[in-house]
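Reader: Hi! Could you walk me through this model in plain words?

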Amino acid sequence: MAKIDRIMEHIKEMQLGTKLSVRTLAKDRGVSDATAYKAIKLMEEEGYLETLPRTGTIRVESEKEKKIESITYNEIIRIVDGELLGGRDGIEKTIYRFNIGAMTMEAMKKYLTVGGLLIVGNRDEVHSLALNMGVGVLITGGFKASEKNVALADRLKIPIISCSYDTFTTASMINRGISENLIKQTIPYVKDIIQKETYHLTVRDTIHDYIRLSERSGHEKFPVVDEKMVVQGIITPKETLGREDSDRVGEVLRKVNLSVTPKTTVSYVAHIMDWENLPLCPVTEDGVLVGVITRTDILKALQERHMKPMETDTMEDKIIRHLTVEKREGKFYYSGVVTAEFLDPLGNASRGLLSMLMSKTAISHLQNQYYSCSLDKCATDFYEVLGIDAKFTMEINIIKTSKLHSKVDVNLKSRDKLIATSRLSILHTLDE
């Protein structure tokens with residue numbers, strides 16, 4: 001490994017917020033100032049370092065290493081319904097640390113690091129301190145910033161924001177917003193698995209062209225586009241059976257009428273590919289082909305998510321975690337107690353939540369056998385109500401299962417009374 005590469009690796013290992021200079025870096029690593037300078041410039045280009053006025057060069061978080069918990073100043077403004085007072089050019093920067101300004105200025109200094117956000121009230125000197133240390137400011141209580149600090153925020157490109165809520169409420173809102181962000185980011189999207197460098201054919205190509213492309217690429221399935229790269233369909237070996245080499249691809253292709261973009265969820269595409277029995281799914285933006293995904297891509301993505309624990313819990317997860325499960329005579333039983341989270345405005349267990357719970361437990365059970373499952377159809381009938389603290393049991397009975405589908409009955413009972421029944425049709429993720 002070259003000297004400059006070793007220095008760059010050393011910079012990556014530095015703690016966020018660490019200050020460094022050409023001279024100290026060269027001395028610490030035993031290299032020339034020129035080598036240290038070049039390494040710093042390269043790391044700035046890659047986003048690992050940032051040079052701030054009056055502060056110097058600081059180790060910051062790059063795009064490559066952003067944590068799932070990351071959130072931007074722009075998102076904070078949305079979450080707290082805030083007003084941007086200054087530093088507009090920095091609203092898309094990532095925040096990776098939060099501090100509440102409930103201490104003296106001197107004590108506060110050791111907690112403030114570049115890229116953080118300080119939540120504080122009407123303390124003008126503290127606002128100046130934070131901005132000069134590369135920390136954004138969120139002023140609570142509806143107070144504004146001084147003109148001097150607004151100008152400072154604009155010059156440093158570090159946002160200073162005002163919101164009407166008190167400090168405790170503001171911190172709680174941000175915490176909830178980060179939790180929602182965690183859930184969204186653990187959901188796999190098409191953009192995470194798309195094959196951008198993809199082969200394709202046009203409607204004017206021939207079956208002979210298809211055969212040559214298949215031999216050259218090692219693939220058998222391709223999207224088909226027109227002269228403007230707008231998707232017209234797909235072609236696989238099935239469409240070429242009994243055709244002449246001179247036949248046009250546009251005459252034999254299988255039309256595909258669906259809209260899948262990089263922002264579509266993988267679970268939705270899995271459902272559509274299953275429903276339409278598609279071996280290959282074109283991905284488009286504004287109707288133009290930008291890539292493809294296959295069943296293998298989907299299977300791998302959903303397998304990785306199934307094996308990776310959620311970074312945070314949804315309401316479903318929180319409720320299901322408190323259920324106990326046992327197997328008796330080939331059936332599975334999930335038992336729990338109605339808590340305050342279950343209740344509707346009338347004080348009874350919400351039928352919508354109970355219906356969700358019956359579906360979720362059945363799907364969770366099947367996911368022990370398949371990489372991913374999704375609800376296709378659900379018919380639920382309610383006969384009784386459940387009140388607070390009522391004990392209940394859900395009986396999971398798999399009526400029929402195949403490679404692609406399962407039919408499941410769920411009976412919800414309490415004290416031997418039948419509360420509700422649900423008949424579910426569940427789809428399984430397809431393999432090649």
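**Chain overview**

Author: Happy to! Of the contacts in the chain with a separation of 6 or more, 55% are between residues 24 or more positions apart; contact means heavy atoms within 4.5 Å. This is a predicted model, where local features need pLDDT of at least 70 and side-chain atom pairs count only at pLDDT 80 or more, while totals for chains, interfaces and linings use all residues. Residues are numbered from 1 along each chain as its sequence is written, and side-chain values use heavy atoms, with hydrogens and water left out.

Reader: Thanks! How many helices and strands are there in the chain?

Author: The chain has 16 helices and 22 strands. Both are DSSP runs numbered from the N terminus, helices being H or I with at least four residues and strands E with at least two.

Reader: And what share of the residues is buried?

Author: Of the 432 residues in the chain, 44% are buried, meaning under 20% relative accessible area with a 1.4 Å probe, protein chains only.

Reader: Which residues have the most contacts inside the largest nonpolar core?

Author: Those are I76, L118, L131, L138 and I160, in a core of 36 residues. Such a core is a set of buried Ala, Val, Leu, Ile, Met, Phe, Trp, Tyr and Cys residues joined through side-chain atoms within 4.5 Å. Elements that each supply at least two residues of this core include α4 (73-79), β8 (116-120) and α8 (167-186). Another core, of 27 residues, lies apart from it, with I319, L323, I396 and L424 among them.

Reader: What does L138 touch, beyond its neighbours within four places in sequence?

Author: Its contacts include I76, L118, I161, T170 and I174.

Reader: Switching topic: in what order do the six strands of the open sheet come?

Author: The order is β17-β18-β20-β21-β22-β19, with antiparallel pairing. Two strands pair if DSSP finds at least two bridges between them. At the edges are β17 (324-328) and β19 (373-382), each pairing on one side only.

Reader: How many bridges join β18 to β20?

Author: Six, between residues 331-337 and residues 391-401. One of the partners there: V337 bridges to K391 in β20.

Reader: Last one: is T240 buried or exposed?

Author: T240 is buried, because its relative accessible area is 15%. T240 sits in helix α11 (residues 237-240). Leaving aside neighbours within four places in sequence, T240 contacts I207, Y210 and I235.

Definitions and conventions. Buried < 20%, exposed > 50% of the residue type's maximum accessible area, 1.4 Å probe, protein only.
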